[in-house]
Structure formats: C-alpha cells, structure tokens
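Reader: I am new to this structure. Please show me how to read its features.

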Amino acid sequence: MTLQDTAAPRSGAIPTQRARPALGLRVARGVGWAMIWLGLLTLGFVVHQLWVTSWLAELNQGKLSTEVEERFVTAEITPVAVEEGGTIVEPGADPPRSAGPEGEDIPEPQVLLVESAPEPHSAFAIVRIPTIERLEEGWNVVSGVRVSDLKTGAGHMPDTPLPGQPGNAVISGHRTTYGQPFHELDMLTPGDRIEVETALGTHAYAVRAWDEVVAANPDFAGREVEALSSGGAGVVVRPNATWVTGPIEGGWLTLTTCHPRFSASRRLVVFAEMVDGPNAAVIGGAS
Amino acid sequence: MSWIPRGFRALPGPMPFRILQAIIIVAILLVVLHFFYEWVGGTFLDTGGRVE
C-alpha cells in the first residue's frame, strides 16, 4: 500500500469520516494555542504600554503646548502687597508708603505676583529638569490629577498652590507609561534644579534632602518614609500618603510618581524649595 | 487558528462586503483591547503617580 492509498480515498470509494485525534492530543493542542494567544496578548500589552501610550502622550503634548502658550498670554496677573512677616495687605492695592511715628521710613511692602487660577484640566505650566534628559525640553502641566489629565501631561493637584506661589505646589506624573515624564525622578540629588514656567515667568526650585524638608515642616517628622537605594534625594511612601501634599512654609514644589518602575505599589516623592523666580524674594516671609 | 478563516467564510455577503465586515470587527476588537490594556496598566503598572 502506498502513501497515496492511505491519504485519499480511491475514486468511487465511500469517503470515511476523518479520525478524531486522541483526547490527549486535543488537550495539548488547545493548551498550545492558549499559550500562543496569551503570549501575543502579553506582547501586545508591553507594546501598548511602552510605545502606544507614549505616542498618545506626545500627540497630547503637542496640543497642550498651544494651550500653554495661550495661557501665558491670557492669564490675569495681580500684584499683591505683602508686609514684612507675611501679611497680605490687599490684593491689587498699591503698596502703601508711610512713615513711622517718629518719621522713620517703614520698609516698603514687597509685591507678590499672583496669577489667575487655570481652567480645570487645561494646561498652564511647563516643568523642566535640566539634569534629566527627558525633561530638558520641558513637559506640559495640566490643572488636575484625574486619570485623563495624567494621560496628557503632568498633573497639578488643584487643592495645592500654583507653582511660584507660597506653600507646597504638588505635581504628579507617569513613571513608565504615557511619555514617562518622571521616569528618572529617583536620580535627582540635593541641589538639582527644577524649573516651572508659568504665566508669571520661570520659578526655579532646588531639590532638598529629606532632613531639610523635615526642618522646613516639622509636621513631617516621624512619617513613614523609605530612602531610595539609588541614593537620590527622593523618598518612598505609601500610595495613600496624602500628607506629602500638606502645606510647607515658604515656596515648595513636590513631585510625585509611581515606585518602583513598572509598579504602582508605592510612590516616589521629591521635594524642592524655591530659590529663584519672580516671587522668590517675597515668598520667604509670605504665607 | 482554523476558526479565523472559518469565521471569515461565515460572514454574509459578497467578498468585498465580507472584507469590510472583517476590518470593522478587527477595529472594534483593537479598540476594546486598547481600553483593556489601559485599565490594566493604569491599575497595576503606573497610575500616574498621584497620592490619594
């Protein structure tokens, strides 16, 4: 009998039903296909997370750049007189000029520049970190930290002051997806410069070590934080550590992102203190 | 994998219409997959770094 005899029925012969493969073979085949599909789905997930989300973020950044440029032109800026000791005199008022009881000059109040609040979920600032290649050119910041906000840019927590204002401005960003703006936040060391450009101008901050942050805000003492193994200035906290957004005297910027990379189990937090910018000279005493 | 050509042959209408249906079905599947990947990534991989 030849191979042809077994493979095809002879002309005129009654076709026989194809033999069903054994159960073991069928199970093995099914498991094999399931593994192939699972592998393809996983590969698709990796490609989606690393490249598709970043491509989408880049597209959104292009749109946000236009929004930020518009914001820089249209934002209302109000000068606010601040007396020594941090008392705000009156929003929009000219700094009063007066003399003391015996005719000596009272130091003129300094002027704090305040910009109008941005529209929710709109872009209003650019964050730059010269020591991180990804952020050398800057990443647009939107008002809000909803999931959809953070897909487009870094997000400013609306309940915190705007960057460049007294207090603790908090900005969050993705670590490994959506353009991964804060991918290398763990590399920042004390003294590294962070710049945030708003309608007022560029506000420069210097990264501070944890003990300096605690010295500025004693309420943070005793909080549960972990140091970074990389030796960076940031600290690692639980995802629900909302205390990091609490007020700090002076002008501060707090950046938060996921930690470790490719996991959302913890948060990496970097604190930076204002050192230069339109309001830097005033903010030391303002509150 | 034989279910893919079998499924394609089971689509109604002439060949161009079948191709159009197949493209639409694949596009819908990709969109569903995109949102599924977004959810998994946003929940377990990288939430965006906010504290809440």
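Author: Start with burial. A residue is buried if 20 or more other C-beta atoms lie within 10 Å of its own, exposed if 12 or fewer, and partly exposed in between, with C-beta atoms placed from the backbone. This is a predicted model: local features need pLDDT of at least 70, side-chain atom pairs count only at pLDDT 80 or more, and totals for chains, interfaces and linings use all residues. Residues are numbered from 1 along each chain as its sequence is written, and chains are lettered from A and ligands numbered from 1 in the order in which they are written.

Reader: Why does Lys63(A) count as exposed?

Author: Because Lys63(A) has 12 C-beta neighbours inside 10 Å. Lys63(A) sits in helix H2 of chain A. Helices (H or I, at least four residues) and strands (E, at least two) are DSSP runs, numbered from the N terminus.

Reader: What is the largest nonpolar core?

Author: A nonpolar core is a set of buried Ala, Val, Leu, Ile, Met, Phe, Trp, Tyr and Cys residues joined through C-beta atoms within 7 Å. The largest one here has 46 residues. Val127(A), Val141(A) and Ile171(A) are among those with the most contacts inside it. Strand S13 (residues 266-276) of chain A gives the most to this core, 6 residues. Another core, of 5 residues, lies apart from it and includes Val80(A) and Val114(A).

Reader: How many residues does each chain bring to the contact?

Author: Two residues are in contact if their C-beta atoms, placed from the backbone, lie within 7 Å. Chain A brings 28 residues and chain B 15 residues. On the side of chain A that touches chain B, H2(A) gives the most, with 4 residues.
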